[in-house]
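Hi everyone, thanks for coming along. I'd like to walk you through one model today, so let's get it up on the screen.

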Amino acid sequence: MGLILGFLGFLFLDWVSLCMASNVHNYTFILNNTNLKGDTAYVNVHNNGDYGVTIHWHGVKQPRNPWSDGPENITQCPIQPGKNFTQEVIFSTEVGTLWWHAHSDWSRATVHGAIVILPELGTKYPFDQQPDDEVVLILGEWYLGDVKEIIDNATETGGDPKVSDAFTINGQPGFPNNCSNETTYSVSVEHGKTYLLRIVSAVMNEEMFFGIADHNITVVGRDGAYIKPIITDYVLITPGQTMDVLLTANQTPGHYYMAATPFMDASAPYDSSNTSAILKYTGNYTAPSSPPYPSLPSVNDTVAADNFTDSVRSLASKEYPIDVPQEIDERLFITVSVNQLPCNKDSCDGPDGTMLAASLNNVSFVTPKIDILQAYYMNMQGIITILFQAILLMFLTTQEFRRANI
């Protein structure tokens, strides 16, 4: 099946205030290639930055090919500054929108982009309304500072990392952030036509509500798979998710804000700001001085969040079947936690002087100096032993929980 694969990227390096505009480097690239489903793409990544970096192909299944999957020192070593590495990306059954991003520390905040997989040449999308055009929208976070230094400081002090200074749509904060009034991202649409919005959430931590003033949208895909259409006036998209959304330009020609606002139902610090772009109809009309702004759910509206999430259903058609196992052979109990560890004289920056530390089934993890996959493949002594001890502890914890609940 013929596919056209498009890689679209936004790389933001040497971060300074967007209001200052100096020393900000924005890199955009597009690579189009006609392939057959199941083909392999080779991407030569050159690291001209200051830190080691890996690239992850988020949502690409990579069957039997973990060597180019990206997680730093898990499946591969980071590409060192001044060096390059050719990533092998194997596509199989993916459709719609996925994305790629750096996978070292917090580098994905500034190094990321979309992967667009079009239908087979000569075929249509599996939904009634075919789009007249397509637009990639990448939701992101902007930090006034070096993102590696921010996460390194949080790890060292045990506190929460500094929250972002702004959310962005295709690199711009937009209204109500005054510093980008002149550079707010905009999308031109023609009345009566339908557009496929390919939305990528490159936001680091917050789930986001997204909507367009006075317009309904139809969600037709999520995370590289088509779903049953959802007609709604907002979506909830989580960090790392992608969505394919149909927009029909059926309102009075004018300007309309599209916006994203955070959803947070926990006590953790978060960026409470909004980001926006402008939907601009083509034609002759007087643009409003204050375009309408979408009415999105409040920051802690769990009902709105749950209602959207509960509405998602697989397409499960003849062309796109879903095979869900009906029998379960083994049940695993997995707990992901953020813990508070005591510090000497309560000297850390976590709650009550403690240190925040994540764990899986009460086992923490420290990134090794050599990647685990290579250590396993080459049977390196000392590294795999420690790893398997951690896995064994998780297994024993799971079995203990099961026995306690029989």
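Let me start at Glu134, which is partly exposed, with a relative accessible area of 29%. For the cut-offs, buried means under 20% relative accessible area, exposed means over 50%, and partly exposed is in between, with a 1.4 Å probe and protein chains only.

Before I go on, some housekeeping. This is a predicted model, so local features need pLDDT of at least 70 and side-chain atom pairs count only at pLDDT 80 or more, while totals for chains, interfaces and linings use all residues. Residues are numbered from 1 along each chain as its sequence is written, and side-chain values use heavy atoms, with hydrogens and water left out.

Back to Glu134, then. What does Glu134 form a salt bridge with? The partner is Arg198, and the closest N and O atoms are 2.9 Å apart. A salt bridge here is a side-chain nitrogen of Lys or Arg within 4 Å of a carboxyl oxygen of Asp or Glu. This pair links distant parts of the chain: Glu134 sits in strand 8 (residues 133-142) and Arg198 in strand 11 (residues 194-201), 64 residues apart. Helices (H or I, at least four residues) and strands (E, at least two) are DSSP runs, numbered from the N terminus.

Is Arg198 buried or exposed? Arg198 counts as buried, at 1% relative accessibility. Arg198 also forms a salt bridge with Asp244, where the closest N and O atoms are 3.6 Å apart. Again the pair links distant parts of the chain, with Arg198 in strand 11 and Asp244 in strand 16 (residues 242-248), 46 residues apart. Asp244 counts as buried too, at 3% relative accessibility. Put together, Glu134, Arg198 and Asp244 are linked in a network of salt bridges.

The count of salt bridges comes to 5. One more of them joins the side chains of Lys162 and Asp165, at 2.6 Å from N to O. Both of these residues are partly exposed: Lys162 has 36% relative accessibility, and Asp165 has 34%.

Now let me zoom out. The protein has 4 helices and 20 strands. Of its 406 residues, 45% count as buried. Among contacts between residues at least 6 apart in sequence, 72% join residues at least 24 apart, where contact means heavy atoms within 4.5 Å. The accessible surface comes to about 21600 Å², and 52% of that belongs to carbon and sulfur atoms. Those areas come from the Shrake-Rupley method with a 1.4 Å probe, and for residues only the protein chains shown count as cover.

Next, helix 1. Which residues of helix 1 (residues 147-157) are buried? They are Val147, Ile150, Ile151 and Ala154. Seen down the axis of helix 1, these buried residues fall within an arc of 90°, so they line one face of the helix. That arc is taken from the directions from the helix axis to the C-beta atoms. On the other side of helix 1, Glu149 and Glu156 are exposed.

Please also look at the loop between strand 4 (55-58) and strand 5 (84-90), where Trp67 is placed. Gln62 is in this loop, and its phi is near 50°, a positive value in a residue other than glycine. Arg64 is in the loop as well, with phi near 55°, again positive and again not glycine.

Trp67 itself is partly exposed, with a relative accessible area of 35%. Together with Tyr376, Tyr377 and Met378, Trp67 makes a nonpolar surface patch of about 520 Å². Patches are made of residues with over 30% relative accessible area and no salt bridge; like charges are joined within 9 Å, and nonpolar side chains (Val, Leu, Ile, Met, Phe, Trp, Tyr) within 5 Å.

Pro176 is found in the loop between strand 9 (166-169) and strand 10 (186-189).

Last, confidence. pLDDT is the predictor's confidence in each residue, from 0 to 100. The protein averages a pLDDT of 85, and 84% of the residues score at least 70. Over residues 1-6 the pLDDT is below 50, and this stretch has 35 contacts in the model beyond near neighbours in sequence. Residues 10-31 are also below 50, with 53 such contacts. Where pLDDT is low, the predicted coordinates should not be read in detail.
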